[in-house]
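Here are some notes to read alongside the structure. Please keep the view open while going through the points.

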Amino acid sequence: MLQMKTSAPYGEKEIILEYGRLALQANGSVWAQWGETVVLVTATAQPIEIQPDFMPLTVNYQEMSYAAGRIPGGYFRREIGRPSERETLVSRLIDRPIRPLFPKGLNYEVQVIATVLSADTIHDPDILAMTGASAALTISNIPFLGPIAGVRVGYIEGNFILNPTTEQITQSELNLVLACTQEGVVMVEGGARFVPEDLLAEAIAWGQEQAKPIIEAQEELRQKCGQEKLVFTLPEIPEDLKAEVRNLIYEDLKHALSIGEKLKRKTAKKEVHQKVQEQLAEKYKENPEFSSQLKEILEELEKEIVRQKIVQQNIRIDGRDLTTVRPIEIEVGLLPRTHGSAIFARGETKVLSIATLGSSSDEQRVETLAGDSSKRFMLHYNFPPYCVGEVKPLRGPSRREIGHGALAERALEPVLPSEEEFPFTLRIVSEVMESNGSSSMATVCGGSLALMDAGVPIKEHVAGIAMGLIKESDNYYVLTDILGDEDHLGDMDFKVAGTKDGITAIQMDIKITGIPSEVMKKALFQAREARLHILEKMNQVLSAPRTEVSPYAPKVTTLEVAPDRIRDIIGPMGKTIKAITASTGSTVDIEESGKITIFAPNKEALDKTVEMILYFNQKPELGKNYSGLVKKILDFGAVVEILPGVDGLLHISQLAEHKVNKVEDIVKVGDTVKVKVVEIDDHGKIRLSKVAVLREENGEEIDLKDYSQPKPRPRNNSRHPHQRKR
């Protein structure tokens, strides 16, 4: 088949979108290339008989090791099992902006698979996969309200950078991923180094403009090879059923939605639903779609009631106005044996955050296309079913849990001390105890408090807040600190985290086609006011890190030894260092420069480890006595090891007070002999004396000069009287 290709500027290089090379039996497939990074994205659909309550979309992003010329680690040497955290996060990055762009009621199951075929480690495949997914859906016959473009915005030395390379990202104050339609931004995800709100708003607006040529390139590809979209019929709900349900329970539902407490509101809503179900079940028993239609009607009525109250009265479900933050409760240091702990509650959302300090051996090892790396800071977010009053099986972390944890981790990372300042590995676990909106931002607050409680010298507190949006006609209403129902029934979920100085993390999902830049700016500054309010509450409880870490945290110290002693400390095949760690229970990190970091379970173990390591770093001292090991016998003396790796010469004349004819008469290889260092010359050569030790023990005064040079051996001058002198 003839290959169809389009391109558009994509940072320093261009993006190439091509159809017709691979995967032609999928509904849509695109070869997306940026530099030497290539991602194949396929979109496939198949009809389903029963329409579920959610969009039946599955998105999978997979990084193949061969793409970077690597063979996977692990026993099987292949990419198997659960997706990595990176793959899960990029899958979410693709899923979130495209999911709202499928028409409501689509009775097809859709699967998008993005496979990294080539990775040059310069151009990140994540945004390429996002754009490729949109292109594959756009040219396919699957109904899709796109296209979208995925772009990354950086900020270096006062200039915005479109799609910075991996090297540029390390220098950037901003790492912002946007998904944009022609009308506006529909998704934002990123981190920053204390960036002010107006600069972030400018970055989002700038990125949206840069995305337009990429959207146009997809439209061009659709004109060249796009298919006719599948036709599906959206089941219509009878108007008389809508009217009947409204008349029956509108006021009851309105009353239920005015109850501030989540569980009581949930119970009241359930009673209303049961009431209408019972009253109409007999009448509509011949209608097989009655249950699903009733559910949709009730959801539309809920949406109408909640939104009208906000628009007409500026009053929300729980009675707050649009900008008020729910009551905050904080407790720190509540768990006696953990290294740091905190409870942060905002309204009916409550998280328990626990901080743990570990050694460098506790760092997370990560295998990526760019090579193996390690993470010194980890934040794990758990959302157990009891936090929302549900019963579900406990399995591994969901995509949502991984995504929320990564967002909170990104928010806290900029305030962490460097490894030189604080050499511990850091882990925070956020256990969501109760949830009614924005548990991820409560995790940011709780995590910050737990770090300070653990004595981690973070620069300052980080707080987060979730913002919502209601759009009615041309009017926009920004909501501070949204509830779960407001997230579900509203048009935006906008999470912002940062310090008093600026933003450190942001995540935004929009359910409409876009919002004006001035509304975005209003939301950012309204979030700032809420963030400052929360920071004030946090500082009232704990304004600075504890001066000492927990007594149950590992003890740490750093030593500097001579680089040439490292070999002796490690020992042959690591035998020596293994013996030290086995004896003390410590973890020892050794660098080639001679820097040694010791993590020990307690002070006694730390002191013992230091003593054992410093034994190998001793320097010989002139005039000091040593118990040395005889390593080698020479005609004129013995080589004695007085310290690990430090040898000296014990001359035959210094072995004993009397004349010694043969060295082996006094010492043998493997013997331990007590000697004194009597000379260290300019080249570091060491002379030893056993005689000096013997005389010193007898109480004699010792002058090292008398022993520093070998005594001449007595000459035998007797000759046979008939022997002639030659």
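1. This is a predicted model. Of the 726 residues in the protein chain, 50% are buried. The accessible surface of the protein chain is about 35500 Å², and carbon and sulfur atoms hold 49% of that area.

2. The protein chain contains 15 helices and 29 strands. Its radius of gyration is 36 Å, whereas the globule rule gives 27 Å for 726 residues, so the chain is more spread out than a compact globule. Along the principal axes, the C-alpha atoms take up a box of roughly 145 × 65 × 50 Å.

3. Among contacts in the protein chain with a separation of 6 or more, 69% are between residues 24 or more positions apart.

4. Phe424 counts as buried because its relative accessibility is 3%, under the 20% cut-off. Phe599, at 4%, is buried too.

5. Tyr615 and Phe616 also form an edge-to-face pair, at 5.3 Å centre to centre and 80 degrees between the planes. Tyr615 is partly exposed at 42% relative accessibility, while Phe616 is buried at 14%.

6. Ring pairs also connect Tyr155, Phe160 and Trp206 into a cluster.

Conventions: Residues are numbered from 1 along each chain as its sequence is written. This is a predicted model: local features need pLDDT of at least 70, side-chain atom pairs count only at pLDDT 80 or more; totals for chains, interfaces and linings use all residues. Side-chain values use heavy atoms; hydrogens and water are left out. Helices (H or I, at least four residues) and strands (E, at least two) are DSSP runs, numbered from the N terminus. The radius of gyration is taken over C-alpha atoms; the globule rule is 2.2 Å times the number of residues to the power 0.38. Buried means under 20% relative accessible area, exposed over 50%, partly exposed in between (1.4 Å probe, protein chains only). Contact means heavy atoms within 4.5 Å. Accessible areas come from the Shrake-Rupley method with a 1.4 Å probe; for residues, only the protein chains shown count as cover. Rings of Phe, Tyr and Trp (its six-membered ring) pair if their centres lie within 6.5 Å; planes under 30 degrees apart count as stacked, over 60 as edge-to-face and the rest as tilted.
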